[in-house]
Amino acid sequence: MIRSVSRRAAVLATLGAAVLLLTACTPDTTRGRVEHDFAATFSNQYAQSLQRQGKPATRPKVTSTVCHSGTNLKKDSGPGTWSCEIKYTGPDGTRHDDNWVELVDALGCYQAFTQDDAKRFHKIVDVYSHKAILDPAGSFDGCFDVYDGRKNVSKK
Amino acid sequence: MSPFAAVYRVETRKLLAQTRVRALLLFLLVVPWIYIGLILHQDRLPLETLYGRYLKDTGYATPLAILVYASQWVLPLIAALLAGDVFSSEDQLGTLKTILTRSVGRTAVFWGKLAAVFSFTVLAIVIVAVSATLAGVITVGNDPLVDVGGHLRSASSAAGLVAISWATVVLPTLAFGAIAMMVSILTRSSVLGVIVPVVIGLVMQLYTFLNAWDTVRHLLLGWTMSAWRGVMDSPSYYTPLARGLVVSAVYLVVATTVAFVVFRRRDVAGG
Amino acid sequence: MTAQTTHTAGAGGSDVAEDPVPVVRAVGLVKRYGDLAAVDGVDLTVPAGAVYGLLGPNGAGKTTFMRILFGLIRPDEGRIELFGRSELAGRVEALEDVAGFVETPRFYPYMSARANLEALATLDRRASADRIPELLEQVELTDRARSKVGEFSYGMVQRLGVAAALMRSPRLLVLDEPTNGLDPAGIRDMRALISRLASTGITVLLSSHNMLEVEEVCGHVAIMRRGRLAFDGSMAELRAMAQDVEYRLVTGDDARAADVCRGAPGVSNVRTATDGIRLDSRPGPVEALTARLGAMGIGIRQLELPITALETLFFRLTEGDAAGEAAAA
């Protein structure tokens with residue numbers, strides 16, 4: 001009798017834990033994470049692009065990053081295709097307003113590329129390797145931490 | 001020599017004597033070279049694969065791009081091929097009674113076999129990682145690598161990151177191996193011992209790409225297989241890896257425990 | 001080989017050592033598979049130095065008993081002791097002096113004979129790979145040492161199994177139907193080997209379903225039937241129990257001869273068949289019968305013994321009714 005009670009208790013505890021686990025969750029891919037990581041990585045890639053062209057590695061000043069999910073319009077979260085608009089000022093003071101696409105996978109990584117094909121497929125010559133490479137400021141890969149505690153930013 | 005060491009020695013000799021094991025190791029040695037050779041001879045790059053866009057820029061992208069494929073299905077397959085019939089083959093050959101009537105008890109036989117299979121699994125991972133790195137560096141170049149945070153990492157730093165990334169998949173791969181061993185002991189079938197873990201890996205992989213509950217995804221071995229990406233970021237983040245390793249350890253311990261208990265208690269009535 | 005103390009073994013190993021500790025002692029051994037009791041309350045003692053035959057038809061429980069002895073199967077009830085050590089507790093130690101095989105010996109087919117023995121030597125505490133050439137020569141496999149076992153014939157695998165067993169320098173050699181599948185020359189050689197090993201002091205426990213084979217090499221025998229012992233004792237005791245045996249008689253006039261047989265003293269169960277007359281009797285009454293037939297002018301074309309007295313007894317013990325079991329108890 002004790003054994004059957006313990007067994008039932010164990011089953012109930014397991015089910016309860018399962019329910020808690022399944023219900024208490026923020027999606028991995030949130031607007032907040034996408035916007036934050038895209039902006040930070042874009043800045044770094046921009047500076048890296050300058051560095052590899054033999055210029056001073058200066059980060060652009062990002063004034064605004066707004067991303068929206070093209071796959072989950074209601075909750076604005078989850079993997080899939082995201083569109084991002086990034087406004088920044090270059091080292092020469094020029095203001096830019098670019099539209100980008102992010103293909104976010106379920107593992108918290110993405111491929112990002114500008115919708116301007118000229119910039120997307122633009123090549124630069126790396127002064128270190130002397131190879132012609134795709135300009136990092138036109139397309140790049142990125143990843144974000146799904147445990148960073150960042151909340152979904154639901155501003156429309 | 002202790003019974004465990006005796007079994008370990010015999011099992012490693014047996015594994016090396018098997019054509020399919022040697023063929024597998026040779027395959028892992030050669031495939032990275034074929035892969036990068038094909039990439040270099042075509043114009044298009046696999047942009048949908050992480051680090052695919054950098055395959056012609058730096059040799060250190062090769063082992064990382066291969067790691068993406070490996071973590072999806074190759075590593076579970078390797079684990080299943082090595083561990084999936086380490087016990088069931090003894091049932092099929094009838095040799096379990098042969099080894100259990102020598103001076104080694106069941107405990108030594110179990111742990112010796114497990115250690116041998118795990119050693120070969122780690123060896124397989126090392127072979128493919130080193131081969132991929134050499135293939136990339138020799139054919140493409142020993143050039144700096146862009147991390148997923150957008151920073152340029154020196155060649156030496158890149159080599160270290162590649163090594164760490166590959167090291168993170170060892171534990172989840174061994175967990176797949178433990179599952180394969182458990183199935184092999186429970187079913188006494190080499191076919192199931194190989195197929196079941198591969199199917200489990202594929203199902204986990206499929207779930208990973210479904211837009212379903214993320215919490216469940218975090219409890220799958222496939223998630224841990226991809227946690228190396230945090231190491232490649234700047235700043236690096238390790239929470240997915242730390243949690244994933246705990247998840248892997250749980251799979252490993254549970255599967256190994258079930259396998260051990262069943263093996264210890266079973267009657268050897270065949271052979 | 002490790003010698004027994006004060007042992008002098010004769011033909012069939014009928015003499016036993018003065019060592020009081022039995023080599024094998026099974027007490028109340030039971031193993032069930034569902035409703036079937038494969039071993040059903042077996043009490044058995046194998047004295048040191050004996051060549052002990054475990055006899056029974058297929059499915060009698062001989063192999064299950066041997067698997068329990070080797071620790072491959074756990075009994076549901078009872079216990080088994082090897083050299084006074086309980087088999088279940090400290091199993092590996094209890095089996096240190098035991099070697100042999102159950103059913104067909106099995107090896108790794110993708111490895112050579114030598115590599116297989118080397119692997120087993122590594123797993124054995126006392127075995128040395130240095131003895132492998134000597135053992136291979138003993139079982140006449142020297143010229144096939146480097147061949148893969150997968151290419152071996154059945155008989156070669158059996159011989160390799162004996163070599164693997166001898167590598168452990170056992171005090172107890174357990175062989176499960178060792179002549180099964182061998183050709184006549186192989187059977188002769190295997191029996192000679194068993195006798196030779198027994199003469200060095202090794203206790204041999206072998207199972208068989210062939211009464212003649214057991215009679216030739218064993219000094220003690222236990223007969224199993226449906227998981228139980230139908231007989232357990234010396235070969236001499238078993239022979240003493242053997243009663244009438246079946247003869248086949250072919251004459252020039254079987255009809256008249258059958259009538260004579262029916263009236264002859266010490267002759268029973270007379271029946272005519274297409275291949276002659278079958279009757280149960282013993283050598284003395286049969287001699288008298290043949291003389292009488294001759295005196296009556298009935299010529300004898302053939303008189304033969306299809307099965308021996310022991311075989312007849314064996315069939316009665318393993319296929320007969322409970323009376324046969326009670327007589328053996």
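Q: In which helix does W33(B) lie, and which residues form a nonpolar patch on the surface with W33(B)?
A: W33(B) lies in helix α2 (residues 19-40) of chain B, where helices (H or I, at least four residues) and strands (E, at least two) are DSSP runs, numbered from the N terminus. Together with V122(B), V126(B), V130(B), L134(B) and I138(B), W33(B) forms a nonpolar patch on the surface, with about 510 Å² of accessible area in total. Helix α6 (residues 106-139) of chain B gives the largest share of this patch, five residues. The model is predicted: local features need pLDDT of at least 70, side-chain atom pairs count only at pLDDT 80 or more, and totals for chains, interfaces and linings use all residues. Residues are numbered from 1 along each chain as its sequence is written, chains are lettered from A and ligands numbered from 1 in the order in which they are written, and side-chain values use heavy atoms, with hydrogens and water left out.

Q: At what angle do α3 and α7 of chain B pack?
A: Two packed helices are described by the angle between their axes and the distance between the axes. Here helix α3 (residues 61-83) of chain B and helix α7 (residues 155-168) of chain B pack at about 10 degrees, with axes 10 Å apart, and α3(B) and α7(B) are therefore roughly parallel to each other (angles under 35 degrees count as such). The contact (heavy atoms within 4.5 Å) is made by P63(B), L64(B), I66(B), L67(B) and A70(B) of α3(B) and by V162(B), S165(B) and W166(B) of α7(B).

Q: Which residues does a cis peptide bond join in chain B, and what is the phi of E177(C)?
A: Most residues other than glycine have a negative phi, and most peptide bonds are trans. A cis peptide bond joins S234(B) and P235(B), with omega about 0 degrees, and P235(B) lies in the loop between α11 (221-225) and α12 (239-265) of chain B. E177(C), although not a glycine, has a positive phi of about 50 degrees.

Q: With which residue does D91(B) form a salt bridge?
A: Side chains of opposite charge can pair when their charged atoms come close. D91(B) forms a salt bridge (a side-chain nitrogen of Lys or Arg within 4 Å of a carboxyl oxygen of Asp or Glu) with R266(B), the closest N and O atoms being 2.7 Å apart.

Terms used: Axes fitted to C-alpha atoms, helices over the stretch in contact; angles between N-to-C directions. Parallel < 35°, antiparallel > 145°, perpendicular 65-115°, else oblique. Patch = residues over 30% accessible without salt bridge, like charges linked within 9 Å, V, L, I, M, F, W, Y side chains within 5 Å. Areas by Shrake-Rupley, 256 points an atom, 1.4 Å probe, with all protein chains shown as cover.
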